[in-house]
Amino acid sequence: MFSVLNLQSLIGLAAVVAACWALSENRRAFPWKLALGAIAVQAGLVLALFAIPGSQNVLAAITGAVDGLNRATQTGTQFVFGYLAGGDQPYAVSDAGALFTFAFQVLPLILVISALSALLWHWKVLKWITHGFGILFQRTMGLGGASALAVAANIFLGMIESPIVIRAYLDKLTRSELFLMMVVGLATVAGSTMVAYAAILGPTLPNAAGHVLVASIVSAPAGILLARIMIPETPGEGGAHADYDSALKYDSAVDAIVKGTSDGLMVVLNISAILIVFVALVALVNLMIGAVFGPEISVESLLSWVFAPVAWMTGVAWADAREAGLLLGTKLTQTEFKAFIELGRVPVDEISERTRMLMTYALCGFANIGSVGITVTGLSVLMPERREEVLGMVWKALFAGFLATLMAASVVGVLPGRIFGL
């Protein structure tokens with residue numbers, strides 16, 4: 001039955017589209033067919049994993065795979081770091097929960113998944129999956145071959161790795177296609193981080209791995225739609241063809257593992273550095289605010305009020321809105337990794353399972369302030385001649401990418417709760 005919370009999600013869906021239309025460079029060119037197609041693709045992908053008979057077996061398999069990868073990673077990490085990574089302790093432990101260390105229990109998972117992803121790409125498994133999604137986006141959303149391939153790659157690769165897949169076509173992309181690639185890169189997450197998010201949320205959210213996987217996939221069509229609304233394609237332009245012979249290649253399976261590990265190490269270092277800096281900056285601002293207004297006022301408390309109505313429009317009950325708003329603010333200012341950690345720490349009985357599920361979708365994207373610098377730096381290396389063009393669109397891309405994850409959450413919120421066992 002359609003409830004008030006479903007209606008809230010519908011309002012949020014309309015508000016996201018309206019906000020992007022208000023900032024459109026051509027409001028008369030609203031893509032009605034694309035809007036309907038994007039919402040249908042999102043709903044269809046969610047229903048395919050959660051509503052089709054037998055889908056629970058698929059979810060169980062995904063969860064089992066994530067658990068297996070987590071256990072295998074812990075074995076390797078404990079071999080290197082010993083008791084610091086949760087191995088046999090040299091002293092009596094009175095609080096087992098205090099043994100959790102983000103640097104040793106989450107970040108190493110990114111290394112393993114990055115190496116595994118490179119190996120699967122070399123064996124053409126991941127390449128063919130990406131090819132399949134590329135064809136889906138071409139047929140259902142009217143994208144050109146190069147744009148469709150970049151969007152599909154963004155589901156599994158990072159926002160800088162995916163442009164490498166179409167490096168030979170970057171100079172052929174129109175301004176609208178370049179913006180679309182930037183938005184989808186900020187709206188989705190890399191496969192290497194997906195598993196880490198699932199591991200963080202696993203203890204408090206049923207089917208966490210399935211939700212995280214679907215969240216990254218459905219944010220892609222949302223990003224496509226919002227990008228096309230804000231910077232529409234000029235009729236007759238765009239549509240660069242791609243032969244799917246990617247520039248991302250490895251010489252052998254061992255080469256894929258070594259390079260994948262090296263790339264994963266750079267991701268780990270970037271995540272660590274950004275988290276240290278942004279968490280420290282927020283703490284510094286809190287000290288200054290506290291000195292002026294008192295310790296009860298902080299960046300977190302302000303963000304919780306600013307984003308509470310935004311969270312409510314995705315379908316979150318008002319009782320949970322401030323907590324959800326705080327998570328959205330944390331994502332924007334301190335990265336989605338910090339937000340997922342905070343979501344995982346929220347006690348099960350403090351927010352509803354629906355709120356926890358919707359926030360998983362709303363947080364699952366790279367759209368944060370730190371990613372602006374990463375996007376500009378990465379694309380400037382790949383296409384230095386278009387650096388000024390990237391700089392001129394990157395903040396718009398951040399806005400659209402952030403809203404794309406909210407749109408994904410809203411689409412999920414509109415669907416009947418019984419599909420998800422609520």
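Helices, as named in this briefing, are DSSP runs of H or I with at least four residues, numbered from the N terminus. The model described here is predicted, and within it α9 supplies the largest share of the lining of the largest cavity, namely 4 residues.

**The cavity**

- A search of the whole structure finds 1 cavity of 30 Å³ or more, and the space in the largest cavity comes to about 50 Å³.
- The residues that line the largest cavity are Met159, Pro163, Met181, Met182, Gly185, Leu186, Thr375 and Leu379, and the elements giving two or more residues to this lining are α9 (175-187) and α16 (369-382).
- By residue class, the lining of the largest cavity holds 6 nonpolar and 2 polar residues, with no charged residue.

**Positive phi in two loops**

- Most residues other than glycine have a negative phi.
- Lys124, which is not a glycine, has a positive phi of about 70 degrees, and Lys124 sits in the loop between α5 (107-122) and α6 (125-141).
- Lys124 counts as partly exposed because its relative accessibility is 43%, a value in between the cut-offs of under 20% for buried and over 50% for exposed.
- Asn207, also a residue other than glycine, has a positive phi near 60 degrees, and its place is in the loop between α10 (191-201) and α11 (208-230).
- With a relative accessible area of 23%, Asn207 is likewise partly exposed.

Terms used. Residues numbered from 1 in each chain as written. Predicted model: local features only at pLDDT ≥ 70, side-chain atom pairs only at ≥ 80, totals over all residues. Heavy atoms only, no water. 1 Å grid on protein atoms, 1.4 Å probe; cavity = no way out; pocket = protein on both sides within 12 Å on 5 of 7 lines; lining within 4 Å. Points joined across faces, edges and corners; volume = space filled by probe spheres on them. Nonpolar A, V, L, I, M, F, W, Y, C, P; charged D, E, K, R; others polar. Buried < 20%, exposed > 50% of the residue type's maximum accessible area, 1.4 Å probe, protein only.
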